[in-house]
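Subject: Structure for your review

Dear colleague,

Please find the structure below, together with its sequence. My notes on its strands, its chain contact and its salt bridges follow.

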There are 2 protein chains.
Amino acid sequence: MARDSSHGGRDRAGRHGSAIEQVAHEAFAEARRDETPWRGYSHQLILLSATARWSREFRITGGPASPRIWSSRRATSPTRRCAALPKSDAGGLRAGKLPPELLAGLLNGLESGPDVVVGGAVGLDAAAIDFAPGSDRYLLAKTDPITFATDRIGDYAIHVNANDIACMGGRPRWFLATALLPEGTAEAAVRDVFDQLEGACRAIEVSLVGGHTEVTVGLDRPLVIGCMLGTVAPAELLLPRNARAGDDLLLTRGAAVEGTAVLAREAATALRAAGLTELEIAAAADLLDAPGISMLSAARVLKGVAGLHALHDPTEGGIATAVRETATAAGLGFEIEVTGVPVLPETARICAGLGLDPLGLLASGALLAALDPSGTEAALALLADAGIPAARIGRLTSAAGPAGEDSALPTFECDELARYLEGRSDAG
Amino acid sequence: MARDSSHGGRDRAGRHGSAIEQVAHEAFAEARRDETPWRGYSHQLILLSATARWSREFRITGGPASPRIWSSRRATSPTRRCAALPKSDAGGLRAGKLPPELLAGLLNGLESGPDVVVGGAVGLDAAAIDFAPGSDRYLLAKTDPITFATDRIGDYAIHVNANDIACMGGRPRWFLATALLPEGTAEAAVRDVFDQLEGACRAIEVSLVGGHTEVTVGLDRPLVIGCMLGTVAPAELLLPRNARAGDDLLLTRGAAVEGTAVLAREAATALRAAGLTELEIAAAADLLDAPGISMLSAARVLKGVAGLHALHDPTEGGIATAVRETATAAGLGFEIEVTGVPVLPETARICAGLGLDPLGLLASGALLAALDPSGTEAALALLADAGIPAARIGRLTSAAGPAGEDSALPTFECDELARYLEGRSDAG
C-alpha cells in the first residue's frame, strides 16, 4: 500500500526525497523538452511505474504514436456487455451496486438542513457540511465498505475513503472503523486488521478516533466499513459538476494499479497459462504496495494549480468509466487521445493474457483531473517534480460541439475484473 | 419507534403537546406531593408506560416497598454466568463483542492529533473533535452497526447512533448509512430500509447526508452500519469519567423497553406456553414503537439541569450493567435501591414467564443520569413535565466509602436476551 512518504514531493529541506523521485523528475523533464509531447493530439506516452516494493525500479514505455481519439460524440460507441451487471429481476437484486435508477429513486427527495452544502446524491464522493458557520472550513464526510475478500482490508478501508475526501478538494483527518468479523476469527487476524488501519492512518496523517468491532454470525469473511471525516476550505471545495467545456483531462499513474494487482493475486494460474513469468506476476501483485491505491499526494499537488475544476478517482469500470462520469457530471462531452492514456506495463501484459481491456479495469491509484488548459503545463511540472507520473489524455467538450473523433471510447457495463471473475465462476 | 413529537416537552406555544404528557404530568405531580417519594432509600415506584401504539394507555404500577439496597461494596455480588459470553479459544473468536482485554489492547496506543478531544477508547460513546478551533462547537462522531436480524434495521441504525451522541451531551445532526443487502433482496425491501432511515432521521431532525448501498455476496440478512455526526458546545460535553461520588442516579423509562419488545417478537411461542395472552405479547412488541428506543427527549431535558455530570444509555446487560459501567468509568462505587428501579409491567411479566432478570435485559430506551443531588428534584420535575417517567434509583459512592448494603446487584456476564436465545438454541 502506498505510503505517503514514498512518493510525495520534496522533504522539508527542499531536497528531492529519494532516488525514485529523481528518476521521475528527469524523465518528465526530458519529456517536456521534446517538441511534441504534452500538446496537441499526439504525444509520447510516458509511464513511470514502481514495479517492485524493494527494487524501486522504474521503466519508461511507449513512444510516438498516431493520433487516435475516443470521443463522447461517437454514436456507435461500443459497449462491453457484462453478465455481472447489477440488476433486479424476479429473483431479487444481484450482487454489486444497486441499479442506478433504483438508487436515484431512493436518494431523490432526501431532506437536508440548510447546513448541508452537498448531501447524498448519485455520483458525489462525499457530503460537505457547513459545520461551524463563519469558520474557515467545511466538514467532509464519506462512508464506504470493503466487502470483497482481501488480506489488505484495513489498508483498503482507509485509502478508499480518503481518496473520496481528496476528490472534494479536502484533507482526510479523522477515521471511524466498523469491523465485522466471522465466527472463529483468530485474535492474530483481528490484530492484523487493526495494524493495517493504524498504519494506513499514520501514513496519511489521519487520526483513528473510534469504531466498533464485533464477531458477527453468518459471515464468511471480514467486512470493514469506514467513515472518513475531513476538512476543506469553502473556496477550495471541488465538485464534479464544476468541470467546464474546454478543460484538459489529466491522468496520474494510468491504468490500472488496483485491478492489475488484484488479478495477479486472484488469477495467477490463468496468467501462468497465458505465459506470464512468476516475476511478472509478483511485480503486478506488488502494485498494491507501490504505488498503491492512495492518490492523496497527487491531489495535494493539483490543489495548488490555478484553474483546477474537478477531481475524480477512477475505480470500478476503469479509466474509461471515470472519463464518462467526469463528463456526465458536468453535462459535457469529451475527446480522449487513446495513445495518451498511460497503461502500466504490468496491466498491458495481464490484460493481454486474460483478454481484458486495460481502460475498463479497476483503476484506484490513479487520479483524473479536469482543469483549465492554462494550468496544464504547471500541473504536469508539479506532478513530475513530486515524482508522480501523469499525462494529458484529452479534454472536455461542449456536448453539442463538433465531434472530430475517429474512434469511440468503449462503455463498460461493469468492471473488467468483475467480468473476468464472473466468466471464471460460470466456467467453474 | 419513538417519534420525538410523541413524547417531547412543550410545544412552541408553551402548552402541553398531548394528552399523554398531561397524564404523565399529573402522575408525577401526585408522586411529588407524597411525603416519602424521591427521597431516602425507599419510595413509591412510579411507572408510566405507553403500552400500545394507538391506544396510548398509561398505567401506574408498584407501591410502597421496604428498602433493599444493591451496592458495589457487596463482596458476594452474584454473577449470572452466560454460555454466550464473548471469548476466544482454540476455535477462534465467538460471536458478539470482542473480549474486553483484547479490545483494550487493540485500542491502547492509538495515536491522535491534538484536535482529538476524546478519541477511541473502551466505554466511550463517541469521539469528540475540535473541528474548527475557536468556534462554539465540537464535532461528535459515532459509528455502530446493526447486525442482528430485524425488520426495523433502519430505525435501529439511526437511534442507536443518535443515543450515543446524546450521551456525550450533544445533538445528533447528520447521518451516513452503509446498507449491505443479501443477494436476492427485493427492491421493496430496499425501499423499506430507506423509508425507515428517512423517517427516523426526520423524527429527530437529522439530515441523511450520504452513504453506500450494495448487494453483498455471502450475507443471509441485511446489515446497516450507521455513522452519526453531531455537535456539542465544549462546556456541555459530557464524559462518563466526570460522574462524582455522591451523585444521584436517575433512570428514565425503566427496564427494559428494547429487550421486552424483542422477546415478544422472538419468543412468542414460549410466552404463550408461559401463560401470556396474545394481547400482552402484542403490547410488549409495541414497546419498540412507543416509547421506542430513542432517549433523545430525556437527554435534551436533562441537559438543562444544573449539576448534570454524566449520561449513559443502558443497552446490553441492562440497567444493572449500565449502573456498573457508570460507576466504573468514574472510578466510583454505587448504592442502588432495588425497589426504586422501575420495571415495565410487560417486562416483569415476560421475564417471569421466561425466567429472566429484568435488570439484566437489553434496556435501550432508558437513560441513566448521574447528577449532583441538588439538581435531582428539578430534573425529575422537568422530566415529568415532558411526560417522561423517571425515578431516582440510587447514588454513586466513593469506592472506598462505607458500604451499608443489605443485598448485591447481580453481575450479568452477558445480556439476559443473549442468555435466553443461547439456551434456546442449545435446547434446539
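**The sheet**

Strand 8 of chain A and strand 11 of chain A run antiparallel and are joined by 9 bridges. Strands and helices here are DSSP runs numbered from the N terminus, a helix being H or I with at least four residues and a strand being E with at least two. Within this pairing, Asp144(A) has Gly226(A) in strand 11 of chain A as its bridge partner.

Before going further, please note that this is a predicted model, in which local features need pLDDT of at least 70 and side-chain atom pairs count only at pLDDT 80 or more, while totals for chains, interfaces and linings use all residues. Residues are numbered from 1 along each chain as its sequence is written, chains are lettered from A and ligands numbered from 1 in the order in which they are written, and side-chain values use heavy atoms, with hydrogens and water left out.

Strand 8 of chain A also pairs with strand 7 (residues 127-129) of chain A, in the antiparallel sense and over 3 bridges; two strands count as paired if DSSP finds at least two bridges between them. Here Ala127(A) stands opposite Ala141(A) of strand 8.

Strand 8 of chain A is mostly covered, with 9 of its 9 residues buried. Buried means under 20% relative accessible area, exposed over 50%, and partly exposed in between, with a 1.4 Å probe and protein chains only. In a regular strand the side chains alternate between the two faces of the sheet. Tyr138(A), Leu140(A), Lys142(A), Asp144(A) and Ile146(A) point one way from strand 8 of chain A, Leu139(A), Ala141(A), Thr143(A) and Pro145(A) point the other way, and all are buried.

Strand 11 (residues 223-232) of chain A pairs in turn with strand 9 (residues 171-181) of chain A, antiparallel and over 9 bridges. Trp174(A) stands opposite Leu229(A) in that pairing.

These strands belong to an open sheet of 7 strands with mixed pairing, in the order 6(A)-7(A)-8(A)-11(A)-9(A)-10(A)-5(B). Strand 6 (116-118) of chain A and strand 5 of chain B stand at the edges with a single partner strand each, so one side of each is left without a neighbour in the sheet. The link to chain B consists of 2 bridges between strand 10 (residues 207-215) of chain A and strand 5 (residues 96-97) of chain B, which run antiparallel. Glu214(A) stands opposite Lys97(B) there.

**The contact between the chains**

The size of an interface is often given as the accessible area lost when the parts come together. Chain A and chain B bury about 5800 Å² between them, 65% of it on carbon and sulfur atoms; buried area is the accessible area (1.4 Å probe) that two parts lose on being put together, summed over both. On the side of chain B, Leu93(B), Leu106(B) and Phe131(B) lose the most area to chain A, together 12% of what that side buries. Each chain contributes 72 residues to the contact, which means heavy atoms within 4.5 Å.

There are 2 salt bridges between the chains, a salt bridge being a side-chain nitrogen of Lys or Arg within 4 Å of a carboxyl oxygen of Asp or Glu. The side chains of Asp115(A) and Arg173(B) form a salt bridge at 2.6 Å, N to O. Strand 10 (residues 207-216) of chain B supplies the largest share of the side of chain B that touches chain A, namely 10 residues.

**Salt bridges**

Over all chains, the whole structure holds 30 salt bridges. One of them joins Asp289(A) to Arg152(A), with the closest N and O atoms 2.8 Å apart. Asp289(A) lies in the loop between helix 8 (278-285) and helix 9 (296-303) of chain A, and Arg152(A) in the loop between strand 8 (138-146) and helix 4 (153-167) of chain A, so the pair ties together parts that are 137 residues apart in sequence. Asp289(A) is buried at 9% relative accessibility, and Arg152(A) is buried at 12%. Arg152(A), Asp155(A) and Asp289(A) are linked in a network of salt bridges.

Arg395(A) and Glu335(A) form another salt bridge, their closest N and O atoms being 3.4 Å apart. Arg395(A) lies in strand 16 (residues 390-397) of chain A and Glu335(A) in strand 14 (residues 333-337) of chain A, so this pair ties together parts that are 60 residues apart in sequence. Arg395(A) is partly exposed at 26%, whereas Glu335(A) is buried at 6%.

With kind regards
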